[in-house]
Structure formats: C-alpha cells, structure tokens
Amino acid sequence: MQSRRQTADKRSIRLKPGMFRFCAASLLVFSGLAGPVSADINVTQLANDGVMVSDGETRILIDALVVEPYSVYGGLPVDVQPMFDNLTGPFSDIDLVLISHRHHEHNQPVYACQFMQKSSQTQLKTSEQVIGLMRERCREFVTTSPRVEVIDPLHGNPTVFEVGDARITVFPLSHGTQSYARIENFGHLIEMGGMRLLHIGDAAMSAEDFALAGLDSTQIDVALIPFWFFQPGPGNEVVTRFLGESRKIAVHIPPSEMDEVKAYMSESFPEVLILSKTLDKASFAPIPKTNP
Ligand SMILES: [Zn+2]
C-alpha cells in the first residue's frame with residue numbers, strides 16, 4: 001500500500017503554465033484498416049482508465065473490470081454498479097476484454113472473474129500476470145474456459161487478432177524501472193471504424209520504449225493517455241513525438257484531483273478531452289484525408 005501511495009503522489013499534477021503547444025489534429029485514414037470505413041469510434045468512460053470502445057458493431061472493454069476505488073483512484077459510482085453486475089449499459093454485449101496489467105486500479109480479479117463468468121460470449125485476452133491473479137479467485141473457470149487466453153506479445157512480435165470487425169494489436173510497453181520493471185504492461189492498438197485507437201495502460205514515460213514498440217511509424221487517430229504525461233518533461237516529449245496528431249483523452253485521473261487537472265489541461269492543452277464522469281462519452285469520426 002505504501003508504494004502505491006507513493007506512486008499516486010508522484011503522479012499528482014503540479015500546475016505550471018502551458019509550455020507546449022500541439023498542432024491542430026490532421027489525421028490520415030489508412031486504407032487496409034479493419035472494420036467498416038467511416039464508422040465513428042465511441043469511447044465510454046468507466047472507472048479510472050477503464051473504457052468501453054465501440055464502432056457500433058464490436059464492443060471492447062479495456063481496463064474496465066474495476067468496480068471499487070483503489071488508493072486515490074476511482075471505482076464505479078453506486079448507480080452504475082448494477083450495470084456491471086447485470087451486464088447492461090456499457091457492460092452489455094461485450095465481445096472482448098483487454099487488460100493492460102495486473103495493478104488493482106486496472107483490473108480487480110474478483111470482479112473480472114464475476115464478469116467473465118456471467119457473460120456467455122466475451123473473450124478475455126491478457127497477460128499471464130493478470131490471469132495469475134484471477135486464477136486465485138476463479139481457478140477452474142480461468143483454466144478451463146476457451147474464452148480466456150493468455151497472450152505473450154514481445155518486442156517485434158506483437159499479438160495480433162481479430163474480434164468482430166476490429167483488429168487488435170497487443171504489444172509490450174514498459175511500466176518502468178526497479179520494482180515496476182517486473183510488471184508486464186501492454187499497449188493496445190484497436191483498429192475499427194477505419195481508425196486506430198491506442199490505450200497504453202501505465203506505460204512509462206519513455207520515448208525509447210515507445211520507439212521500440214514501433215509507435216514512431218504508426219498513425220494513431222485516438223489516444224488514451226494517463227494525465228501525468230501532460231506535465232512538462234519526458235511524458236510531454238512522448239506525446240509530442242508519437243501522438244502529436246492524434247485526438248487525445250487524458251485518463252487515470254484521481255477524482256480528488258479532477259478539478260485541478262481539468263483546470264490545468266483546459267489552459268495548457270485545451271484540445272485534450274477529459275471524460276470526468278463515469279458514462280461520459282466521446283465520439284470520433286474519421287477525418288477525411290486531405291490532398292496536399
Ligand atoms: Zn500500474
């Protein structure tokens with residue numbers, strides 16, 4: 001608990017006048033993407049950095065089997081918990097669950113077991129570390145269900161698969177050094193609706209690691225980024241270098257810091273979206289490619 005607190009403190013944003021400016025987004029839509037062209041991508045905020053993403057056809061949860069608050073991070077509001085319990089609203093008809101890593105504000109094994117056992121068609125593809133913690137709660141289900149799969153993407157050898165009309169690429173993105181070096185953290189690139197959406201979990205603010213993941217050469221249309229990347233420093237360099245042209249949502253914001261973060265972001269990064277409440281939604285339409 002102590003170390004989690006320290007982590008949370010480190011992430012606390014310190015207000016400074018904006019030092020960086022982004023270009024207006026001008027997005028190229030690649031041909032060859034999975035899914036119907038020109039469908040919107042809808043992002044629904046759940047708990048912490050948990051979201052449901054959908055193109056109206058395929059529905060994917062990322063880091064969204066989080067119900068209880070943990071450390072300074074939020075859980076689901078009381079009025080939304082029944083939706084989780086009953087697989088309704090944003091938790092209905094989920095095709096795929098993705099989980100970036102095993103930390104408790106990204107996945108809660110009791111609830112992950114509950115969700116997966118209640119659903120009938122949802123697939124779960126994640127790391128051995130995440131599955132390992134779930135195994136302690138629902139061993140038989142996790143070890144016997146064909147809907148649960150351990151994946152082991154490596155640098156240069158991502159795990160790529162299709163679910164519904166979405167194509168998903170999973171790749172390692174370091175969580176950090178020292179005690180964090182052992183935490184397996186995944187980046188998820190979801191191609192749907194003719195666009196690419198990126199979720200990075202708790203990726204370290206390391207340009208080297210983003211380059212190693214191949215993000216130098218990948219056009220991202222929508223990026224979900226922990227809010228501390230927007231503080232002056234290495235995170236900001238990562239955002240500018242790799243995600244400068246994407247439309248951005250700042251995530252992983254502790255409820256107690258929400259007002260402070262929103263004030264800072266609206267001054268320094270007014271183009272970055274914040275979905276401050278559970279069930280807040282954003283829709284992203286493909287931006288037509290403009291001829292030079
Ligand atoms: Zn973490």
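In strand β9, the residue that forms a bridge with Thr169 is Leu189, where strands are DSSP runs of E with at least two residues and helices are runs of H or I with at least four, both numbered from the N terminus. The structure is a predicted model, in which local features need pLDDT of at least 70 and side-chain atom pairs count only at pLDDT 80 or more, whereas totals for chains, interfaces and linings use all residues. Residues are numbered from 1 along each chain as its sequence is written, and side-chain values use heavy atoms, with hydrogens and water left out.

Strand β8 (residues 166–172) and β9 run antiparallel and are joined by 6 bridges; two strands are said to pair if DSSP finds at least two bridges between them. Strand β9 also pairs with β10 (residues 195–199), again in the antiparallel sense, over 5 bridges, and here Met192 stands opposite Met195 of β10. The hairpin of β9 and β10 has 2 residues between the strands, and Gly193 takes a positive phi near 60° in this hairpin. Strand β9 (residues 186–192) is mostly covered, since 7 of its 7 residues are buried, a term that denotes under 20% relative accessible area, with exposed meaning over 50% and partly exposed lying in between (1.4 Å probe, protein chains only). From β9, Phe186, His188, Ile190 and Met192 point one way, while Gly187, Leu189 and Glu191 point the other way.

The largest nonpolar core has 29 residues, and those that touch the most other members are Leu61, Leu76, Phe84, Phe91, Val97, Phe115 and Leu124. Such a core is a set of buried Ala, Val, Leu, Ile, Met, Phe, Trp, Tyr and Cys residues joined through side-chain atoms within 4.5 Å. Helices α3 (109–118) and α4 (128–144) each supply at least two residues of this core, and its largest share, 6 residues, comes from α4. A second, separate core holds 28 residues, among them Ala203, Ala223, Phe229 and Tyr264.

A straight helix of 17 residues would span 24 Å at 1.5 Å a residue, but α4 spans only 15 Å between its end C-alpha atoms; the expected span is 1.5 Å times one less than the number of residues. A kink of about 125° is centred on Cys138 in α4, the bend at a residue being the angle between axes fitted to the seven residues ending there and the seven starting there. The buried residues of α4 are Val130, Ile131, Gly132, Met134, Cys138, Phe141 and Val142, and what covers them includes α3, β5 (123–126) and β6 (148–150). Leu133, also in α4, is partly exposed because its relative accessible area is 30%. Leaving aside neighbours within four places in sequence, Leu133 is in contact (heavy atoms within 4.5 Å) with Arg102 and Pro109. Although Leu133 and Arg102 are 31 residues apart in sequence, their C-alpha atoms are 7.6 Å apart in space.

A search of the whole structure finds 1 disulfide, defined as a pair of cysteine sulfur atoms within 2.5 Å. The bond joins Cys113 to Cys138, with an S to S distance of 2.0 Å, and is left-handed, with -75° about the S-S bond. Cys113 lies in helix α3 and Cys138 in helix α4, so the pair ties together parts that are 25 residues apart in sequence. Cys113 counts as buried because its relative accessibility is 3%, and Cys138 counts as buried at 7%.
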